[in-house]
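Biologist: I'd like a close look at a single part of this model, and then a walk through some of its surroundings. Could you take me through it step by step, in plain words?

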Amino acid sequence: MGISMTPWQRTAHGANLLDTTGQPGVTIFEEITALANEHQAINLGQGFPDTEGPEEIRQIAVDAILSGANQYAPGSGTRQLREAISEHQERFYSLKIDPVSEVVVSTGATEAIAAALLAFIEPDDEVVTFEPFYDSYAAMIGLTEAKHKVVPLHAPTFEPDLDQLRSAVSDQTRIILINNPHNPTGAVFSTDVLNEVIALAHKHDCIIVSDEVYEHLTFGTKHTPIASLPGGFERTITISSAGKSFSFTGWKVGWATGPKDLITALRTVKQFLTYSSGPAFQPAVAQALRLPDTFFQKFAGSLEEGAKSLSAGLEAAGIPVIRPSGTYFLVADINQFKRNDAVQVARMMPEQVGVAAIPLSVFVQPENVRHYQGFLRFAFCKQPQVISAAAKKLQQLPEVLNR
Ligand SMILES: Cc1ncc(COP(=O)(O)O)c(C=O)c1O
């Protein structure tokens with residue numbers, strides 16, 4: 001299916017949402033969540049934390065509403081938040097960003113991704129991503145009429161093969177869209193991979209869009225923004241958001257940083273998507289970005305504990321886990337079992353195991369589903385007692401897998 005589809009159909013097709021009759025079906029996320037609710041299962045399908053972000057930060061948003069921050073914020077974001085973003089990039093990555101011309105605040109990372117793609121892609125351009133990929137990428141690429149080329153990530157490391165990366169990028173490529181740390185695999189890419197992306201962007205004159213929403217959620221390894229590597233900044237739009245770093249996924253405050261010409265283009269498109277957003281959240285996020293290092297370390301540490309505890313539970317049940325280096329997610333490998341179709345297993349789990357997970361194949365192109373059908377994604381951004389209750393229930397999973 002290609003260009004003859006209407007734009008919304010291309011979007012839905014890109015994200016695997018069309019059924020065989022061309023109608024939008026229920027997403028697997030909705031289906032699994034409904035099953036989890038029906039069977040009162042522990043829902044490790046969806047990636048949102050079950051603990052609130054810092055109270056003092058929430059209080060700033062409350063106070064801002066009560067003291068009148070209720071009308072349109074400036075289109076690029078408040079000066080205060082843009083300065084805090086710029087300081088954050090220097091504090092953590094030694095990147096010097098001009099808060100006036102090199103930062104734009106967006107309605108979540110999602111809007112910044114959409115605006116970046118809409119700003120630069122012409123029909124028939126190519127966009128290269130890794131596969132599996134975060135679902136909004138394929139949906140937005142579908143909307144732009146670009147061709148979506150993928151570079152597979154291979155278990156057990158989920159690192160891309162550099163030769164495959166080189167052969168996917170060509171002079172037709174307009175954007176290399178990466179996500180690091182990576183949802184859904186939990187991988188953190190090596191500097192070799194990032195340097196190769198930069199070299200290819202220079203060679204083929206393309207832009208890098210780097211989605212780094214999990215920048216603070218790495219385990220035992222430091223996040224390296226691609227923009228901080230030699231030759232990276234000048235071609236990269238870096239995107240992040242307050243959702244994951246501070247457990248405010250519902251606030252939808254995101255941002256993009258990068259060289260002035262790229263940010264100007266993104267801002268031009270963004271102003272006609274939402275214009276501006278969240279005036280009361282912006283002072284709160286500005287303060288959150290200035291939280292002490294101990295906050296970031298403690299939060300990443302607690303997620304790492306969740307990852308370890310869930311991995312240990314799955315491994316104790318005899319299910320191999322690809323241990324994550326970051327994010328909210330880990331991948332379990334059920335290939336060795338009799339029943340190894342993860343879509344089927346994910347549908348059975350809420351009732352038969354009492355835990356919900358998502359098949360990894362929903363994050364890939366329809367023609368590549370078979371390469372990923374033996375993997376399940378579990379979210380571990382949940383409280384310790386929830387993770388240990390899930391780990392206990394998961395001891396019954398092999399029985400379902402061997403049936
Ligand atoms: C890789 C990735 N990018 C972007 C987003 C969306 O971020 P936001 O909620 O800030 O729009 C998510 C949320 O799950 C994500 O996993």
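In which strand does Leu 153 lie?

Modeller: Before anything else, keep in mind that this is a predicted model. Leu 153 is in strand 4, the stretch of residues 147-154. Now for its surroundings. There are 22 other C-beta atoms within 10 Å of Leu 153, so this residue is buried. If we skip the neighbours within four places in sequence, Leu 153 touches Phe 130, Glu 131 and Pro 132, then Phe 158, Glu 159 and Pro 160, and also Thr 185 and Ala 187.

Pro 283 has 21 C-beta neighbours inside 10 Å, so it counts as buried. Once its neighbours within four places in sequence are set aside, Pro 283 is in contact with Ile 60, Ala 64 and Gln 80. Along the chain, Pro 283 and Ile 57 are 226 residues apart, yet their C-alpha atoms are separated by 8.9 Å.

Next, have a look at strand 9, residues 253-257. Five of its five residues are buried, so you'll find this strand mostly covered. In a regular strand, side chains alternate between the two faces of the sheet. For strand 9, that puts Val 253, Trp 255 and Thr 257 on one side and Gly 254 and Ala 256 on the other, and both faces are covered. Who are its partners? Strand 2 (residues 103-107) runs antiparallel to strand 9, and five bridges join the two. In that pairing, Thr 107 sits opposite Val 253. Strand 8 (residues 236-241) also pairs with strand 9 in the antiparallel sense, over four bridges. There, Ser 240 faces Trp 255.

Now for helix 5, residues 108-120. This helix packs against helix 10 (residues 260-270), with the axes 8 Å apart and at an angle of about 105°. The two helices are therefore roughly perpendicular to each other. On the helix 5 side, the contact includes Glu 111, Ala 112 and Ala 115, while helix 10 brings in residues including Ala 265, Leu 266 and Lys 270. Sorted by class, this contact has nine nonpolar residues, one polar and two charged.

Helix 5 turns up again around the ligand, where it supplies three residues, the largest share of the shell. The shell counts 14 residues, and those that come nearest are Gly 108, Ala 109, Thr 110, Asn 183 and Ser 241. Its make-up is three nonpolar, nine polar and two charged residues.

One last stop: an open sheet of four strands, with the order 10-11-14-13 and antiparallel pairing. Strand 10 (321-322) and strand 13 (358-359) are at the edges, each with a single partner strand, so one side of each has no neighbour in the sheet. Further in, strand 11 (residues 329-333) and strand 14 (residues 375-379) run antiparallel and are joined by five bridges.

Terms used:
Residues numbered from 1 in each chain as written. Predicted model: local features only at pLDDT ≥ 70, side-chain atom pairs only at ≥ 80, totals over all residues. Axes fitted to C-alpha atoms, helices over the stretch in contact; angles between N-to-C directions. Parallel < 35°, antiparallel > 145°, perpendicular 65-115°, else oblique. Contact = placed C-beta atoms within 7 Å. Nonpolar A, V, L, I, M, F, W, Y, C, P; charged D, E, K, R; others polar. Near = placed C-beta within 6 Å. Buried ≥ 20, exposed ≤ 12 C-beta atoms within 10 Å, placed from the backbone. Pairing = 2+ DSSP bridges.
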